[in-house]
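My notes follow in the order I took them.

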Amino acid sequence: VARVQRGLDVRVTKLWFCLPRFHGEGFQEGFAEGSHAGMAEGRRYGALHGARMGSEIGCYLGFALTWHCLLQKCTDEKNSKKIRALDSLIGMIQKFPYEDPTYDKMQEDLEKIRGKFKQVCSMLNIRSDFRFGTERSSLTF
């Protein structure tokens with residue numbers, strides 16, 4: 001009985017000393033799996049929001065270029081101001097750092113573009129209503 005007890009004690013002791021190793025290995029495996037899942041989720045999130053941002057900015061650029069072409073035919077002072085505002089909007093959009101997702105003023109620059117777009121719409125007496133939704137994105141006039 002003493003011999004069995006001693007054998008049991010040795011196994012329990014070995015098991016006791018293995019627990020930190022198993023705990024550490026389990027932590028490492030879990031951390032690696034969580035990191036992989038987090039990166040995949042981050043990519044999906046970035047792609048979704050990047051696509052939304054690109055769609056919004058692309059819509060503003062198409063709008064500005066179209067109105068710029070339409071207003072070039074008229075050369076009065078009123079249209080001259082509108083064309084300058086459109087030029088400013090187009091310039092802001094063209095300078096926007098699409099290729100650099102780490103640009104720290106991206107949101108700030110996007111807000112400036114939105115503000116300029118609203119200003120241009122006001123000058124043109126156009127109601128702006130840019131919506132994001134699951135069904136569609138649209139710019140209504």
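I began with what counts as a pocket: an open set of grid points with protein on both sides within 12 Å along at least five of seven lines, and its lining residues have an atom within 4 Å of a point. I also noted that this is a predicted model.

Entry one, the largest pocket. I found about 230 Å³ of space in it. I listed its lining as H49, G50, M53, G54, I57, F96, P97, Y98, P101, Y103, M106 and Q107. Which helix gives the most to this lining? I read off helix 1, with 5 residues. Helix 1 (2–71) and helix 3 each supply at least two residues of the lining. Sorting the lining by class, I got 8 nonpolar, 4 polar and no charged residues.

Entry two, the helix pair. I looked up helix 2 (residues 77–95) against helix 3 (residues 106–123) and found an angle of about 160°, with the axes 10 Å apart. Angles over 145 degrees count as roughly antiparallel, so I wrote down helix 2 and helix 3 as roughly antiparallel to each other. Their crossing is left-handed. On the helix 2 side, I noted K81, K82, A85, L86, S88, L89, M92 and I93 in the contact, and on the helix 3 side K112, I113, K116, F117, V120 and M123. By class, this contact has 9 nonpolar, 1 polar and 4 charged residues.

Methods:
Residues numbered from 1 in each chain as written. Predicted model: local features only at pLDDT ≥ 70, side-chain atom pairs only at ≥ 80, totals over all residues. Heavy atoms only, no water. Axes fitted to C-alpha atoms, helices over the stretch in contact; angles between N-to-C directions. Helix = DSSP H or I, 4+ residues; strand = E, 2+ residues; numbered from the N terminus. Parallel < 35°, antiparallel > 145°, perpendicular 65-115°, else oblique. Left-handed = near helix turned anticlockwise from the far one by under 90°. Contact = heavy atoms within 4.5 Å. Nonpolar A, V, L, I, M, F, W, Y, C, P; charged D, E, K, R; others polar. 1 Å grid on protein atoms, 1.4 Å probe; cavity = no way out; pocket = protein on both sides within 12 Å on 5 of 7 lines; lining within 4 Å. Points joined across faces, edges and corners; volume = space filled by probe spheres on them.
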